[in-house]
Structure formats: structure tokens, C-alpha cells
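Hi,

Here is the structure I promised to pass on to you. Have a look at it first, and then read on for my notes.

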Amino acid sequence: MRETASILPLIVDRLGYATGGRTILSNISFEALRGRRLFVLGPNGSGKTMLLKLCHGLLDPTSGSIQFAADLPVGRIKRHAMVFQKPVMLRRSALANLTHALAASGLGFLARRARAREALDRFGLGSLADRPARLLSGGEQQRLAIARVWALSPELVFLDEPTSALDPGAVREIEVMLAQLHAEGVTLVMTTHDLGQARRLADDVILLDRGQIVEAGPAQTFFSSPVT
């Protein structure tokens with residue numbers, strides 16, 4: 001991790017978001033703590049994806065606040081990243097998908113190629129380096145997306161149902177990658193419909209319903225003795 005002040009915890013206070021006359025989220029408050037794995041659960045339409053987009057800065061809240069413990073650095077390097085449910089792949093090789101992201105962060109040509117190769121090898125994707133990214137399987141694309149995020153050395157990663165469309169073998173590979181990220185000190189905030197996955201991986205849980213938090217707390221308590 002970088003030798004700078006941590007941006008965590010992420011503090012979300014009375015967050016709300018409305019668009020087109022419809023309230024998507026209201027009165028959302030929680031903290032994402034450093035080194036923890038926070039899972040956001042809830043039915044379709046409960047606001048899970050919108051919450052991640054707001055926290056990542058892709059949208060601006062209409063009420064409340066999202067605050068990091070330390071200011072983000074000025075420039076192109078961000079200390080949080082996001083992995084989407086459907087990976088966004090550029091029309092180029094797997095390796096070039098990584099080097100392009102690293103170029104946008106300001107790394108020089110040799111440094112970004114070395115870092116990209118390191119990321120592919122780190123997650124067992126080296127053999128895919130020269131293959132067109134858009135022709136990879138769904139599981140391979142999602143693994144590549146996570147490797148791309150890892151290459152950027154974020155402190156916090158948002159993941160929006162990264163395993164929802166994958167077969168059990170691919171899900172297992174993604175879960176191994178997430179465990180590796182966590183072991184390296186990366187904080188994870190992830191949405192999922194898979195309760196078994198949340199039981200296996202989560203440290204903390206938020207349950208959303210109709211745009212509001214109906215329960216939140218440690219995962220063990222949530223699954224063993226829920227309040228609601």
C-alpha cells in the first residue's frame with residue numbers, strides 16, 4: 001500500500017439519491033472500515049448498484065454526504081476503483097487493457113508494461129496476455145477486470161455483483177482473487193445476491209430494501225441472529 005494517510009474509513013452520512021421524480025436511496029448511513037469486507041445485500045431494485053456508483057464518485061448524491069478520512073490525491077491516480085457486473089473491455093488485447101489503464105494513471109511506457117505483466121502473472125492470466133479481451137469467456141473477463149484494478153494499487157475496491165453470471169468454477173476463481181486482495185490489505189465493498197458467498201467472505205453486511213438500510217452489522221451476527 002502507499003505510504004500516505006489512509007482514505008479510510010469511508011463515511012456515508014444520510015445519503016440520498018433521487019432522479020426523474022423517483023427516490024432511489026434515502027437516509028443511508030454507514031462506514032466502510034479499513035481492511036474489512038463489507039457486503040451489500042438486497043433484492044433487485046433496492047439501490048445496491050446506485051450506492052456503489054455514488055460512493056465511487058460516478059454520480060453525485062442529492063442529499064447527505066460521502067466522505068473519505070483523507071483527501072484523495074490531486075491528479076489522475078485515484079485510491080479507489082470499481083469492478084462492474086459486466087466487465088468493460090477495450091477492443092484490444094488483455095495486456096493492452098491493463099497498460100491502457102496504467103497509462104491513464106500516469107505511468108511511463110516501460111513501467112506500465114512491467115506492472116501489467118506482473119498483474120497478469122499474479123492471478124494466473126499470463127497465458128491470456130495477447131488474446132483479444134472481448135473474446136475471453138465471462139469468467140476470464142471478470143478476472144482480467146480484477147487484475148486491472150489490482151495493477152492500479154487501490155486502497156478500496158467497489159465490486160458490483162462480480163460473479164452473478166458465472167459458473168461455479170469461475171465463481172470460485174473470483175473468490176480466490178478477492179481473498180488475495182483482502183490478504184494484501186485492500187478494503188472491499190461488494191454487492192451480491194449470493195448469500196452463501198456473503199457467508200464465506202463478508203466481515204460486515206448491509207441489507208438494503210426499497211432504497212433504505214433495514215439491517216447492518218457484523219456478518220456473523222447478521223446470519224446467526226438477524227434483528228429484522
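I'll begin with a pair of helices: the axes of α3 (residues 109-122) and α4 come within 9 Å and cross at roughly 130°. With angles of 65 to 115 degrees counted as roughly perpendicular and those over 145 as roughly antiparallel, α3 and α4 are therefore oblique to each other. The crossing of these two helices, α3 and α4, is right-handed. On the α3 side, the contact is made by Arg115, Glu118, Ala119, Leu120 and Arg122, and on the α4 side by Leu144, Ala147, Trp150 and Ala151. Sorted by class, the contact of α3 with α4 has six nonpolar residues, three charged ones and no polar ones. Please keep in mind throughout that this is a predicted model.

Helix α4 (residues 138-151) also meets helix α2 (residues 94-104): their axes come within 9 Å and cross at roughly 30°. The crossing of α2 and α4 is right-handed. From α2, the residues in contact are Ala94, Asn97, Leu98, Ala101 and Leu102, while α4 brings in Leu144, Ala147, Arg148 and Ala151. Seven of the residues in the contact of α2 with α4 are nonpolar, one is polar and one is charged. If you compare the two lists, you will find Leu144, Ala147 and Ala151 of α4 in the contact with α2 and again in the contact with α3.

On to the aromatic rings, where the count comes to two pairs. One of them is formed by Phe123 and Trp150, edge-to-face, with 5.7 Å from centre to centre and 90° between the planes. This pair links distant parts of the chain, as Phe123 lies in the loop between α3 and α4, Trp150 lies in helix α4, and the two are 27 residues apart. Trp150 is also one of the α4 residues in the contact with α3.

Now for the sheets. Six strands form an open sheet with mixed pairing, in the order β5-β6-β7-β3-β8-β9. At its edges are β5 (80-83) and β9 (212-218), each of which pairs on one side only. Neighbouring strands of this sheet are turned against each other by 15° on average, direction ignored.

Inside that sheet, β3 (residues 37-41) and β8 pair in the parallel sense over four bridges. Here Leu38 has Asp204 in β8 as its bridge partner. On the other pairing I looked at, strand β8 (residues 204-209) runs antiparallel to β9 and is joined to β9 by six bridges. Ile206 has Ala216 in β9 as its bridge partner, and Leu207 stands opposite Glu215 in β9. What do β8 and β9 form, and how many residues lie between them? They form a hairpin with two residues between the strands, and Arg210 in the turn has a positive phi of about 55°.

There is another open sheet, in which three strands pair antiparallel in the order β2-β1-β4. Its edge strands are β2 (22-32) and β4 (63-68), and each pairs on one side only. In this sheet, neighbouring strands are turned by 20° against each other on average, direction ignored. Seven bridges hold the antiparallel pairing of β1 (residues 10-19) with β2, and Leu15 stands opposite Ile28 in β2. Helix α1 (residues 48-56) packs on this sheet and touches β1, β2 and β4, its direction making about 60° with that of β2.

The peptide bond from Leu8 to Pro9 is cis, with omega near 10°, and Pro9 is found in the segment before β1. Arg14 is found in strand β1 itself and has a positive phi of about 50°, although Arg14 is not a glycine.

That is what I have for you so far.

Best wishes

Notes. Residues numbered from 1 in each chain as written. Predicted model: local features only at pLDDT ≥ 70, side-chain atom pairs only at ≥ 80, totals over all residues. Heavy atoms only, no water. Pairing = 2+ DSSP bridges. Axes fitted to C-alpha atoms, helices over the stretch in contact; angles between N-to-C directions. Left-handed = near helix turned anticlockwise from the far one by under 90°. Contact = heavy atoms within 4.5 Å. Nonpolar A, V, L, I, M, F, W, Y, C, P; charged D, E, K, R; others polar. Parallel < 35°, antiparallel > 145°, perpendicular 65-115°, else oblique. Phe/Tyr/Trp six-rings, centres within 6.5 Å; stacked < 30°, edge-to-face > 60°.
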